[in-house]
Every structure is written in C-alpha cells, then in structure tokens.
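Have the model open as you read along.

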Amino acid sequence: MISFYCIKYFDYFRQPALFGVLNAAVILCGGLTSSLLAGYICDKYEPSNLKIKSRVCSLLSLMGAPLFCMIFLIHSNFYFGIGMLFLENLCAEGWMAPSI
C-alpha cells in the first residue's frame, strides 16, 4: 500500500528514475537492516522475556508512524522525503523477523 502512495507522491517532484533507484536502495538497506536488528534483539532477549517479540513489533511500528507522516506532510524537498522514507523503513519494517 505504501508503494502505491509513494509513487504518486514522489511523482510530484518529476524524478521517476531517481525515485526508482533510491526507493530500491531504501527498501534493500533500510528493510534488511531493520529485519536483522529486530531478529537479533528478539533472539537475544527471548529467554528472559517471552513477550519481547510482540513488544519489538509494536515499538518499531510506533516509531515508524511519525516518520511515515513526515514523508507525506512535509513537501519541502525530494531528498528529505527519501530520507524520511529510509528512516521509516529502518524503524517500521522490523516486524517481520520477530513475527515469523
């Protein structure tokens, strides 16, 4: 769902090729790092705290929500939007590793 809105939003800046390359880099670097970090945290603390997986998923999603809003509510700069997209992916995409 976010991909649909991001394509429409970043089309406003009229740099579709650059957005495609940067979006792929954001998903690859931010998403991968977030998943690895969340999985590591959950694996490390699961023996002492059985609810760590749900807490990590919830916390990462809550951290990503304001960043997601900043992507679409601040129209100042293309690179600012891409930077917020990276931070949002870094924070909010870590739910998958703990939930599996």
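At 2% relative accessibility, Phe-10 falls into the buried class, where buried means under 20% relative accessible area, exposed means over 50% and partly exposed lies in between (1.4 Å probe, protein chains only). This is a predicted model, in which local features need pLDDT of at least 70, side-chain atom pairs count only at pLDDT 80 or more, and totals for chains, interfaces and linings use all residues. Residues are numbered from 1 along each chain as its sequence is written, and side-chain values use heavy atoms, with hydrogens and water left out.

**Aromatic rings**

Phe-13 is buried, as is Phe-10. Phe-19 is buried too, with a relative accessible area of 8%. The structure holds seven aromatic pairs, counted when rings of Phe, Tyr and Trp (its six-membered ring) have centres within 6.5 Å; planes under 30 degrees apart count as stacked, over 60 as edge-to-face and the rest as tilted. Two that involve Phe-10 are shown here:

| Pair | Centre to centre | Between planes | Class |
|---|---|---|---|
| Phe-10 and Phe-13 | 6.2 Å | 40° | tilted |
| Phe-10 and Phe-19 | 4.9 Å | 20° | stacked |

Ring pairs also build a cluster, whose members are Phe-10, Tyr-12, Phe-13, Phe-19, Phe-78 and Tyr-79.

**Charged side chains**

Side chains of opposite charge can pair when their charged atoms come close. How many salt bridges are there? The count comes to one, taking a side-chain nitrogen of Lys or Arg within 4 Å of a carboxyl oxygen of Asp or Glu. Glu-46 and Lys-53 form a salt bridge at 3.5 Å, N to O. Glu-46 is partly exposed at 27% relative accessibility, and Lys-53 is partly exposed with a relative accessible area of 27%.
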